[in-house]
Amino acid sequence: MRLHSVQNCSELFEHLTVSFELSNVIVDQSLKDQIFSREAGRICYTIIQAEAKQTNGNVFRRNLLNRLQQKFKAREETRKRSTQEWVCLVSFICNIFDYLKVKNCLLF
């Protein structure tokens, strides 16, 4: 029984780590590449749907939205530093909203 619990904890930790890293990679790439930022909403939607179906969880979605919130809070610095990064951020947020809210996938 105890070994099973340790294995479940290990699997949970791995899932959390992968979800965190994946959401960071997608956000980072979206801020660098405007074309990717347009597609990132669809990619995230697919990952969120798969995670919800397989694990009944929302770890990836939560990490993604937390990271976007951090970036949005720093929007003035981003806009001053790089117009391209600002445009990519806004594009990505709009695409996330489109897929997660408009396509009936609750944001929260």
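Visitor: Is arginine 81 buried or exposed?
Guide: Arginine 81 counts as exposed, at 54% relative accessibility. The cut-offs are over 50% for exposed, under 20% for buried and partly exposed in between, with a 1.4 Å probe and protein chains only.

Visitor: Before we go on, what sort of model is this?
Guide: It's a predicted model, where local features need pLDDT of at least 70, side-chain atom pairs count only at pLDDT 80 or more, and totals for chains, interfaces and linings use all residues. Residues are numbered from 1 along each chain as its sequence is written, and side-chain values use heavy atoms, with hydrogens and water left out.

Visitor: OK, back to arginine 81. Which residue forms a salt bridge with it?
Guide: Glutamate 85, with the closest N and O atoms 3.0 Å apart. A salt bridge here is a side-chain nitrogen of Lys or Arg within 4 Å of a carboxyl oxygen of Asp or Glu. Glutamate 85 is buried, with a relative accessible area of 15%.

Visitor: How many salt bridges does the structure hold?
Guide: There are 4. One of them joins glutamate 76 to arginine 79, with 2.7 Å between the closest N and O atoms. That pair sits 3 residues apart in helix α4, about one helical turn. Helices are DSSP runs (H or I, at least four residues), numbered from the N terminus.

Visitor: And how exposed is glutamate 76?
Guide: Glutamate 76 is partly exposed at 35% relative accessibility, and arginine 79 is partly exposed at 39%.

Visitor: What about threonine 78, buried or exposed?
Guide: Threonine 78 counts as buried because its relative accessibility is 4%. Its place is in helix α4, residues 75-81. Not counting residues up to four places away in sequence, threonine 78 touches Lys71, Glu85 and Trp86; contact means heavy atoms within 4.5 Å.

Visitor: Switching topic: which residues touch the most other members of the largest nonpolar core?
Guide: Cys44, Leu64, Leu68, Phe92 and Ile96, out of 15 residues in that core. The elements giving two or more residues to this core are α1 (2-32), α2 (34-55), α3 (59-73) and α5 (83-102). The largest share, 5 residues, comes from α5. A nonpolar core is a set of buried Ala, Val, Leu, Ile, Met, Phe, Trp, Tyr and Cys residues joined through side-chain atoms within 4.5 Å.

Visitor: What is phenylalanine 92 in contact with?
Guide: Leaving aside neighbours within four places in sequence, the contacts of phenylalanine 92 include Ile26, Val27, Cys44, Leu64 and Leu68. Ser30, Ser37, Ala40 and Gly41 are in contact with phenylalanine 92 too.
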